[in-house]
Amino acid sequence: MAESWSRVMSLLREHASADHADLPGPATEQMLAAAEERMGISLHGDLRTWLLQNNLDLPEEDVDDDVMCCGFDGFPDEGSFFLGIRAMERLYANHPLSGGSEWREEWIPFLSDRDGWMGKFIDARDGRIGRWFVGAPTVTGEYASLAHYVDSVAEMLTRIGAGDYPVCSVAEGRLVWS
């Protein structure tokens with residue numbers, strides 16, 4: 001996982017340096033332990049490794065309380081963004097599908113749109129990646145692991161850097177989605 005995320009960060013630094021510069025530093029073990037205690041679930045090792053490299057929470061002053069999730073717009077794509085540990089906790093506690101048969105306690109969201117209506121989650125039991133979309137069936141096992149998903153993001157960034165990704169380009173060091 002660490003190698004996969006490092007590759008994404010290298011590609012982002014190379015092709016979208018301004019976006020890369022905006023990303024915060026790592027979470028601490030104390031932050032993760034406190035989040036696990038509040039959520040009542042242990043983070044999967046891949047998720048822990050990723051958050052210890054980059055905790056993608058926005059600074060407190062940039063958080064919009066009127067939306068379910070806040071993140072760095074435009075990364076990894078136009079409509080969704082990676083969640084930091086605070087945003088994961090908030091969505092985990094208030095997931096729109098929780099309380100029914102469409103959502104399980106062991107699923108921890110790590111990517112979402114602003115409203116929490118769609119995104120990706122990691123299964124804390126086995127590390128597989130799934131996706132949800134309110135109003136559509138939840139899909140489990142979309143990727144075998146978080147590393148596999150992050151590798152797909154790296155492939156996308158490679159194509160963007162080569163000018164071979166029709167819906168995204170780079171302008172002034174930022175990913176620009178069409």
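**Labels and their cut-offs**

Mentor: Arg 174 has a relative accessible area of 34%, so it is called partly exposed. That label covers whatever falls between buried (under 20% relative accessible area) and exposed (over 50%), computed with a 1.4 Å probe on protein chains only. Keep in mind that this is a predicted model, where local features need pLDDT of at least 70, side-chain atom pairs count only at pLDDT 80 or more, and totals for chains, interfaces and linings use all residues. Residues are numbered from 1 along each chain as its sequence is written, and side-chain values use heavy atoms, with hydrogens and water left out.

Trainee: What makes Asp 19 and Arg 174 a salt bridge?

Mentor: The rule asks for a side-chain nitrogen of Lys or Arg within 4 Å of a carboxyl oxygen of Asp or Glu. Here the closest N and O atoms are 2.9 Å apart, so the pair qualifies. Asp 19 sits in helix α2 (residues 17-22) and Arg 174 in strand β7 (residues 174-177), 155 residues apart, so distant parts of the chain are linked. Those elements are DSSP runs, numbered from the N terminus: helices are H or I with at least four residues, strands are E with at least two.

Trainee: And why does Asp 19 count as buried or exposed?

Mentor: Its relative accessibility is 12%, so Asp 19 counts as buried.

Trainee: How many salt bridges are there by this rule?

Mentor: The count comes to 13. Arg 104, Glu 106, Asp 123 and Arg 125 are linked in a network of them. Arg 125 meets Glu 106 at 3.6 Å, N to O. Arg 125 lies in the loop between β3 (118-123) and β4 (129-133) and Glu 106 in the loop between α5 (85-93) and β2 (107-112), so the bridge ties together parts 19 residues apart in sequence. Arg 104 also bridges to Glu 106, at 3.7 Å.

Trainee: Which accessibility label does Arg 125 get, and why?

Mentor: At 52%, Arg 125 counts as exposed. Glu 106, at 17%, counts as buried.

Trainee: How do you know how α3 and α5 run relative to each other?

Mentor: Helix α3 (residues 29-39) and α5 pack at about 5°, with axes 11 Å apart. Axes are lines fitted to C-alpha atoms, for helices over the stretch in contact, and angles run from 0 to 180 degrees between N-to-C directions. Under 35 degrees counts as roughly parallel, over 145 as roughly antiparallel, 65 to 115 as roughly perpendicular and the rest as oblique, so α3 and α5 are roughly parallel. The contact (heavy atoms within 4.5 Å) includes Met 31 and Leu 32 of α3 and Ile 85 and Tyr 92 of α5.

Trainee: What does Trp 50 touch?

Mentor: Leaving out residues up to four places away in sequence, its partners include Met 1, Trp 5, Phe 82 and Phe 110. Trp 50 is also one of the residues that touch the most other members of the largest nonpolar core, which has 54 residues. Helix α6 (residues 146-161) gives the most to this core, with nine residues.

Trainee: What makes a set of residues a nonpolar core?

Mentor: Its members are buried Ala, Val, Leu, Ile, Met, Phe, Trp, Tyr and Cys residues joined through side-chain atoms within 4.5 Å.
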